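Q: Could you please show me how to read some features of a protein model, one at a time?

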Amino acid sequence: MYKKSKTLLLLLSILLCWTSVGQESTRPNIILIVADDLGYSDLGCYGSEIKTSHLDNLAANGVRLANMNNAGMCVISRSSMLTGKWWPETGYGIKKGENLAEMLKKRNYHTGIIGKWHLGGNPMEKGFDYFFGFLGGYSSYFEGSSDYRLNHEPFSDFEENFYSTDAFSEHAASFIKQSSKLKDKPFFLYLSYQSPHNPLQAPKGEIMKYRGQYLQGWENIREARIRKQNHLGIVEKQVLLPAYPKNLPLWKTLSPDQKDLEDLRMSVFAAMVEHMDSGIGKVITALKETDDFDNTLILFLSDNGTDSFSVMDDEMLKRNLLPGDVGSNYQPGTGWAYASVSPNRLYKISQHNGGIKTGAIAFWPKGILKTNRTNQQPLHVVDIAPTLLELATQEEPKSDKDNKDFSGQSFVKILENKSWQRNEPMFFQFMDNRAIRTNNWGLVEVDGNGWELYDLKKDPLETHDLASKNPDMVNKLEKKWMSWWKLASNNDDYRPYSTYESPHYKPQGDRGSGEPYVPSAMPSSLKQKYPINKN
């Protein structure tokens, strides 16, 4: 009897050890790729004419998370994404609580960040084992900046052919190769591209590939993208589309010189997006070379919608600098932002769809069931941390109460092609823009102009304001929003900063409150810098 018990205990120990090793080996490596100011439709797999073959391939072999929401502005999106908490709760730039790297490091992950940080402190003091990039909000793509760091040390090795997107992609590939040598540890890589955030800069040869393609204008580009979105099943053909913005001139009213400079502006933007996609191709190659490809979860998204501003145009033209030039600082402007966020309304900093919707992709050969599908469940960047933590611990939360450390909820079931539904509303706020969205209703405000109400089942693109017809629903949702704000911000009052008074932003409402967009014109003296090929 004793020998049988001893044998049984030995077999049980072997089984437990085998199970433990098996669980460790199935925990995925994680790569969180965040583009900066990328519009909803700027990838080919979300409707664009821009060449993004690598990301398109990830979508075809993964799942499009077509209703992923961010916070409409880079710092607050990243604060929520890396903590799983609403940004007023964790603070602007993460002032309270652990971030995702710190959480994963406790679970034996090797952690790295490459690219833009734009949060408090240095990431090396925030749970990251490796850092290459810059600390602030933006930097020259060709010349770098003084806030570049390699781990703790200042980095200034900006060679003649330096281009930050290339540097980030190459460092990411190197990080993967070095991490693969740590056989007992999976890795977490936060690959935080600056592209296509201003300054609009790209290698001239890549700009010229697109030069002239955008002379058809932003209306035609937007219409073509929506047609492709219809074909892809991202946007239903019968859905109501937003009206043309009141503060955006029609393309046909522009002068030839205005069209020339606007075409160049978007050509640079497109080249930046394609270049980022090429860099992601290098990351994928590194995964294949290290045999990490099949068990790596790649999650791609943007931190907010496209930048609609163009505040530096006059100064740049005084200096004889054009979009694409070293030393320039152009932004996309309202016209191309309108095309980039297709089919949505409004742009970066807004809490309407155009500001907060991102064309997200999840790819994981070992973990995603049924690929090349589009999921329309409402997700938010606060859901990312609990999702990745569940995969890292391989333990599903038993209930919502077990997940009380997060504002969001895990969406692992979506990756597994299982039923999933959002349990709580999504909340949004930045400056005088705010919103609350339930599974059925959206209450939204832009430029502090008062609430707009939308039936999201019938009108997902926020075209028909029902606020005056349904004041009871407005009051009900406003109370929920105020209760959230008071609890999350620990502030009983709501007094937002106004876009009317900001040196960085301007009112951008598309129904009368937005500042009119006046496109800049190409100076005759600079026409031959990036000449349009007439053939």
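**Reading the backbone, a pocket and a helix pair**

A: N372 is partly exposed, because its relative accessibility is 46% (buried is under 20% relative accessible area, exposed over 50%, partly exposed in between, with a 1.4 Å probe and protein chains only). This is a predicted model, in which local features need pLDDT of at least 70 and side-chain atom pairs count only at pLDDT 80 or more, while totals for chains, interfaces and linings use all residues. Residues are numbered from 1 along each chain as its sequence is written, and side-chain values use heavy atoms, with hydrogens and water left out.

Q: Where is N372 found?

A: N372 belongs to the loop between strand 9 (357-363) and strand 10 (373-375). Helices (H or I, at least four residues) and strands (E, at least two) are DSSP runs, numbered from the N terminus. The phi angle of N372 is near 55 degrees, a positive value in a residue other than glycine.

Q: What is phi of H118 near, and where is this residue found?

A: For H118, phi is near 60 degrees, again in a residue other than glycine. H118 sits in the loop between strand 3 (110-116) and strand 4 (130-134). With 22% relative accessibility, H118 counts as partly exposed.

Q: How much space lies in the largest pocket?

A: Rolling a probe the size of a water molecule over the atoms shows where empty space is left. Here, a pocket is an open set of points on a 1 Å grid over the protein atoms alone where a 1.4 Å probe fits, with protein on both sides within 12 Å along at least five of seven lines; lining residues have an atom within 4 Å of a point. The largest pocket holds about 760 Å³ of space. It is lined by 29 residues, and the closest to its centre are N67, K357, Q376, L456 and P460. Strand 2 (residues 63-69) gives the largest share of this lining, 3 residues.

Q: At what angle do helix 9 and helix 11 cross?

A: Two packed helices are described by the angle between their axes and the distance between the axes. The axes of helix 9 (residues 256-289) and helix 11 come within 10 Å and cross at roughly 50 degrees. Helix 9 is therefore oblique to helix 11 (under 35 degrees is roughly parallel, over 145 roughly antiparallel, 65 to 115 roughly perpendicular and the rest oblique).

Terms used: Points joined across faces, edges and corners; volume = space filled by probe spheres on them. Axes fitted to C-alpha atoms, helices over the stretch in contact; angles between N-to-C directions.
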